[in-house]
Amino acid sequence: MSAVAVDGVWKFYGDYPALRDVRLSAEPGCCLALIGRNGAGKTTLLRIIAGFSRPGRGHVRIFGQEPRETSTRARMGFIGHGISVYDELSALENLILFGKLYSLPDPRRSAMEWLERTGLERVRNGLVREFSRGMRQRLAVARAFLHDPGVLLLDEPFTALDDRAIAVLQRLLREALAARKTIVMSTHQLREALELASHVALLTRGQVSFHGPATPEMVADPGYVYARYGEAG
Amino acid sequence: MIAFFRQVLVVTVKDLRAELRTKEAVNASLAFALVILLMFSFAFDPLEETTREISGGLLWIVFAFAGTLVLNRSFAREQPNDCLDALIAAPISGAALFLGKALANYVLVLAVELVALPVFGIFYGVHWTAQFPQLMLVLLLGAWALTVVGTIFSALTVNIRLREVMLPMLTYPILVPALMGAMQLTAGLVNGKPISGDTVSWLKMLIGFDVIFTAVSLVLVETVLVG
Amino acid sequence: MRDKLLFVLGAAAMVLLARNILVIAGFPNEANQGAIFKIIFFHVPVAMAAMGCAAAALVGSVMFLLTRNFKYDALAVSVTEVGLAFLAANLVTGSIWGRVIWGIWWTWDARLTSALVCWLLYAGYLMLRHAIEEPTQRATFAAVFSIFAFIDVPIVIFSIKWWRTQHPQPVFWGGGSIPGDWYLAAVLNLLAMVLLGIVLTVARLRQEEAQREIDSLRRTAHAF
């Protein structure tokens with residue numbers, strides 16, 4: 001069974017189809033890079049996979065289940081454009097909060113563990129408001145990994161990150177792939193993404209114009225996929 | 001069931017803790033309540049007997065205005081870092097999320113009301129302690145009506161233009177029956193008349209309003225959050 | 001075909017309305033209130049038409065949430081707008097009547113007050129729509145609000161009735177039986193209003209659908 005299966009998904013804004021009959025899948029241990037221009041529908045698709053909005057037609061299955069099922073949500077981790085942690089709470093409080101929401105057996109221990117893995121244990125009691133950009137981003141990564149999700153959904157994960165956060169994230173993603181987790185990420189930074197991606201899907205005007213394994217040509221020339229399968233110009 | 005209420009509580013505690021760190025909403029709301037109490041004293045002679053008769057109404061106008069400031073912040077607090085996404089992604093039901101936020105708002109709205117009440121009593125020479133337990137009952141029921149409608153509409157208006165204006169524009173007309181009931185009951189109680197005979201129907205209406213709108217909100221909240 | 005039908009219905013509504021106005025104008029003045037009583041032949045039918053619109057808006061909203069078909073959203077917004085127009089007509093005719101009989105334009109009478117609250121409720125619905133850009137979210141949130149508003153209407157009406165019964169109430173027209181032809185005139189006027197409402201709603205509904213199509217074409221054009 002696919003970890004992520006997107007089957008004939010359409011999404012409409014009024015009558016305008018932002019996604020048209022999207023079919024994708026990702027197997028456990030795979031990293032699927034969603035590429036495409038701004039406005040091609042990458043974020044819309046990721047949000048539908050994550051269950052934040054419902055498709056107009058078609059459906060998404062995560063390990064064969066609806067994304068909105070409680071048990072499915074517990075298996076997904078999401079990093080979006082915002083860091084999704086609270087400025088008024090400390091790093092530790094934030095992680096304990098999410099640990100409790102995910103009903104982890106020992107929220108505090110998991111929180112401490114992830115603070116350590118993201119190099120934030122020293123500032124654990126500092127309010128997020130006082131953190132530097134890079135620290136906030138690492139905390140966002142810790143939040144997404146906290147409940148040990150089987151499927152990681154990342155929307156432009158490398159765009160806003162500083163070097164250290166990129167390094168932390170790439171290390172964690174590699175470990176996750178080694179542990180047969182599934183990653184779906186939308187990205188502009190093809191070079192960073194292709195270091196991890198086993199598969200690539202190109203979205204063009206809300207449609208999948210290419211979906212397949214990442215090939216050496218792609219890694220050598222990030223423009224290759226666009227030139228070959230995307231629209232000219 | 002226990003898990004549900006534990007999640008509700010986690011959300012409530014989170015909201016309260018975040019609010020109490022900055023006290024943004026509570027301070028603004030309290031200051032606003034005091035300012036309105038002051039303004040009313042110019043509109044009506046505060047110590048006149050006729051003012052005492054309408055004082056229940058004045059008090060609830062203060063509560064409704066001040067409460068909106070608290071409620072506006074409720075979902076707006078989730079905005080800056082896209083925190084709402086993380087809450088929607090978490091394996092808790094929309095109902096638990098809604099109740100958790102509503103309870104946090106309830107505590108804050110009640111806190112503002114409980115501070116404003118004695119101030120009101122002093123400024124307007126009202127013996128609000130005369131029927132204290134019954135007044136508390138009305139306060140609890142009225143505040144819940146305000147909170148439950150305000151919280152669900154706060155979710156509706158969180159990322160739209162003119163949020164600050166839209167919330168009261170949508171909330172007050174819906175709240176007319178509840179506010180009217182609370183006003184009628186409070187006016188009697190602060191004048192020393194306990195709830196009896198004709199006023200019991202107001203109490204029933206207030207309870208009914210609370211129950212109906214809580215139920216409808218719980219049913220519709222998932223639609224509001226996820227579409 | 002649909003165009004023609006709409007024109008025919010519209011024309012029928014206008015003819016019926018004109019006929020009703022002539023007939024009602026020909027009625028003798030009512031004993032206590034004089035000519036102003038005749039405003040009731042419009043005042044009551046528009047109120048009923050407005051109530052029908054509120055019910056239709058609820059159906060449209062619930063159906064949209066169940067099916068996510070934008071036709072129902074278009075129905076909900078069209079019928080709400082038409083209903084607001086009817087309710088406004090109800091408020092204005094009531095106010096004119098009040099000016100003549102009570103000598104004041106407005107009184108916080110139970111019916112007037114509840115009509116005003118309902119008008120504000122549904123005006124809020126339109127304001128909410130205007131404030132939301134994204135069509136799916138607009139339709140969803142508006143439908144949710146419409147459900148809240150509809151549930152609130154009976155509570156508003158009952159509570160305001162209670163409120164008013166505790167105060168001295170202006171005397172409404174005294175009892176007495178209504179002549180048969182007056183009754184018929186009122187019913188025919190209701191029919192005219194319903195026809196008018198349907199025509200207006202359908203016209204507005206098509207405009208809404210055309211608007212949605214234009215918006216989506218615009219999005220397509222601007223997508224890249």
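How many residues of chain C are in contact with how many residues of chain B? The model puts 29 residues of chain C in contact with 31 residues of chain B, where contact means heavy atoms within 4.5 Å. This is a predicted model, in which local features need pLDDT of at least 70 and side-chain atom pairs count only at pLDDT 80 or more, while totals for chains, interfaces and linings use all residues. Residues are numbered from 1 along each chain as its sequence is written, chains are lettered from A and ligands numbered from 1 in the order in which they are written, and side-chain values use heavy atoms, with hydrogens and water left out.

**Confidence**

- The predictor gives the complex an ipTM of 0.92 and a pTM of 0.91.
- Chain A has an average pLDDT of 90, and 98% of its residues score at least 70; pLDDT is the predictor's confidence in each residue, from 0 to 100.
- Helices (H or I, at least four residues) and strands (E, at least two) are DSSP runs, numbered from the N terminus.
- Chain C averages 86, with 92% of the residues at 70 or above.
- Residues 167-176 of chain C stay under 50, and the model has 10 contacts for them beyond four places in sequence.

**Chain C against chain B**

- About 2700 Å² is buried between chain C and chain B, 78% of it on carbon and sulfur atoms.
- Buried area is the accessible area (1.4 Å probe) that two parts lose on being put together, summed over both.
- Phe141(C), Phe148(C) and Trp162(C) supply 24% of the area that chain C buries against chain B, more than any other three residues.
- The count here is 1 salt bridge, meaning a side-chain nitrogen of Lys or Arg within 4 Å of a carboxyl oxygen of Asp or Glu.
- Glu133(C) and Arg161(B) form a salt bridge through their side chains, at 3.1 Å from N to O.
- On the side of chain C that touches chain B, α4 (110-131) and α5 (135-165) each supply at least two residues.
- The largest share, 16 residues, comes from α5(C).
- That side of chain C divides into 20 nonpolar, 6 polar and 3 charged residues.
- Ala, Val, Leu, Ile, Met, Phe, Trp, Tyr, Cys and Pro count as nonpolar, Asp, Glu, Lys and Arg as charged, and the others, Gly among them, as polar.

**Chain A against chain B**

- Chain A brings 31 residues to the contact and chain B brings 25.
- The buried area is about 2500 Å², with 57% from carbon and sulfur atoms.
- There are 4 salt bridges between chain A and chain B.
- Glu93(A) and Arg17(B) meet in a salt bridge, at 3.8 Å from N to O.
- The side of chain A that touches chain B draws at least two residues from each of α2 (70-73), α3 and α5 (133-145).
- Its largest share, 5 residues, comes from α3(A).
- By class, that side of chain A has 12 nonpolar, 8 polar and 11 charged residues.

**Aromatic pairs**

- Over all chains, the structure holds 21 aromatic pairs.
- Rings of Phe, Tyr and Trp (its six-membered ring) pair if their centres lie within 6.5 Å; planes under 30 degrees apart count as stacked, over 60 as edge-to-face and the rest as tilted.
- Tyr106(B) and Trp144(B) have ring centres 5.1 Å apart and planes at 85°, so the pair is edge-to-face.
- Tyr106(B) lies in helix α5 (residues 94-123) of chain B and Trp144(B) in helix α6 (residues 132-157) of chain B, so the pair ties together parts 38 residues apart in sequence.
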